[in-house]
Amino acid sequence: MIKVEHLFYSFNDLPLLEDLNFEVKSSEIIHLKGVNGSGKSTLLKILSGILNNFQGKILLSTDNVFFLGHNLGLKDSLTVNDNLLLDYRFNAEAESLDEACNIFDLNSLRDSKLFSLSQGQKKKVSLVQFFLSKCDLFLLDEPFANLDKKGIELIENMIIDRQNQGASIIFTSHEEHNISSRELIL
Amino acid sequence: MRNFYFKTFQRDSRVYLSRSSSFLGPIVFFLITITLYPIAFGSDEEQLAELAAGIIWISILLANLLSHQFIFNEDYKDGSLDLVLTSGKSLFLWASIKIFVNWYFSSLPLIFISIFTSFMLYLPFDAALILAITLFLGTPILSMFGALAGALTLERGNIVGSSIVIPLCLPALILGILAIQSYKNEELFFYIFLLAAFLFFSIPILIASCLGAIKLHFE
């Protein structure tokens, strides 16, 4: 699925990623760990194609990639419904949208503008996008941040579901999660 | 099927409509500016008619500055731009749609309003028609330069962007004003042709420059 060879990346002339080598196979869940500023988010941005000025080789067998970053890509001035219906990564049918919003307890908030939601609720909206997207590779930067215990369990189950469907998942988190196939420490 | 580009158009349109300040701001600013000129210069019909083309074009340029920050800046801050970069879709087409939506909501209403306000400045009817043509050709150029300034200053404020836009827009402004002032002469067609050519060549060059400027922020 992914093969990274001799990856180097510098930010403001300071080396951030140095000679990184790893491989991710299909249906693997990788927990990316490291201290703050170790380059976890940067690595996900490189793998997703957002950052291109790296040295080394990255082989990706798919271009069907879902990326969830620190900034969620949601529009504060739009409603939850509009944010979901106008996401280009999936064509949400009314039924699947109902189901997804029900799972995340968002049905009562669907007509609310995003700016009126808490950080945790906004995170849930972006996780509905994750739930509705059918991709081969999911790159999730801190997917458990701002979520309660129930939300964390829900995401863990969703990640396992995606794995069972043949997708690979790389996520970053400072907490321990026993869902990963292996850990990658930066 | 509603694809990436159509959804970009819909999403941006709804963002503009949901945030009235983004399209009402330039209109209110334009109306206030246009009303101030007759107060400053007096109500002499001939003098105002002579200055009308310049007054309207400058007011439109200044009003446009208020909306340029909305083109790419918000997408950069809220992470939407990251998602676009991972989409693998044509960024050129995506940027074109975003600039078109900005023009549609901030410049198009100003074109119609400026025709009515031109009569307030005693601009003859024939000249008002030429004004409309020059604005239809010129305002997309202003939007594209605005987009370029916005793309260059994603992490900075609107003032830096404005100081970049104004000098770059001067050729379009001068051609537009000259065309209106020569509405009775044959030179009119020459200026209109130059403005149309300016627009034609600006589209690929300025949109590609916008993308280049955006990519600078991801290095």
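How exposed is A:Lys45 in terms of relative accessibility? A:Lys45 comes out as partly exposed, at 26% relative accessibility. Bear in mind for every view here that the model is predicted.

**View 1. A salt bridge between A:Lys45 and B:Asp82.** Here the two side chains pair up with an N to O distance of 4.0 Å. The contact joins two chains, because B:Asp82 sits in helix H5 of chain B (residues 80–87) while A:Lys45 belongs to helix H1 of chain A (residues 40–48). On the chain B side, B:Asp82 is buried, with 7% relative accessible area.

**View 2. B:Lys98 meets B:Asp12.** This salt bridge has N to O at 2.7 Å. Helix H1 of chain B (residues 4–18) carries B:Asp12 and helix H6 of chain B (residues 91–120) carries B:Lys98, so the pair ties together parts 86 residues apart in sequence. Both B:Asp12 and B:Lys98 are buried.

**View 3. B:Lys98 again, now with B:Asp75.** The N to O distance for this salt bridge is 2.8 Å. B:Asp75 comes from helix H4 of chain B (residues 73–78) and B:Lys98 from helix H6, so this pair links parts 23 residues apart in sequence.

**View 4. One network of salt bridges that share partners.** Zooming out from B:Lys98, B:Asp12 and B:Asp75, the network also takes in B:Arg19, B:Glu74, B:Asp78 and, from chain A, A:Lys75. For context, a search of the whole structure turns up 16 salt bridges over all chains.

Definitions and conventions:
Residues numbered from 1 in each chain as written. Chains lettered and ligands numbered in written order. Predicted model: local features only at pLDDT ≥ 70, side-chain atom pairs only at ≥ 80, totals over all residues. Heavy atoms only, no water. Helix = DSSP H or I, 4+ residues; strand = E, 2+ residues; numbered from the N terminus. Buried < 20%, exposed > 50% of the residue type's maximum accessible area, 1.4 Å probe, protein only.
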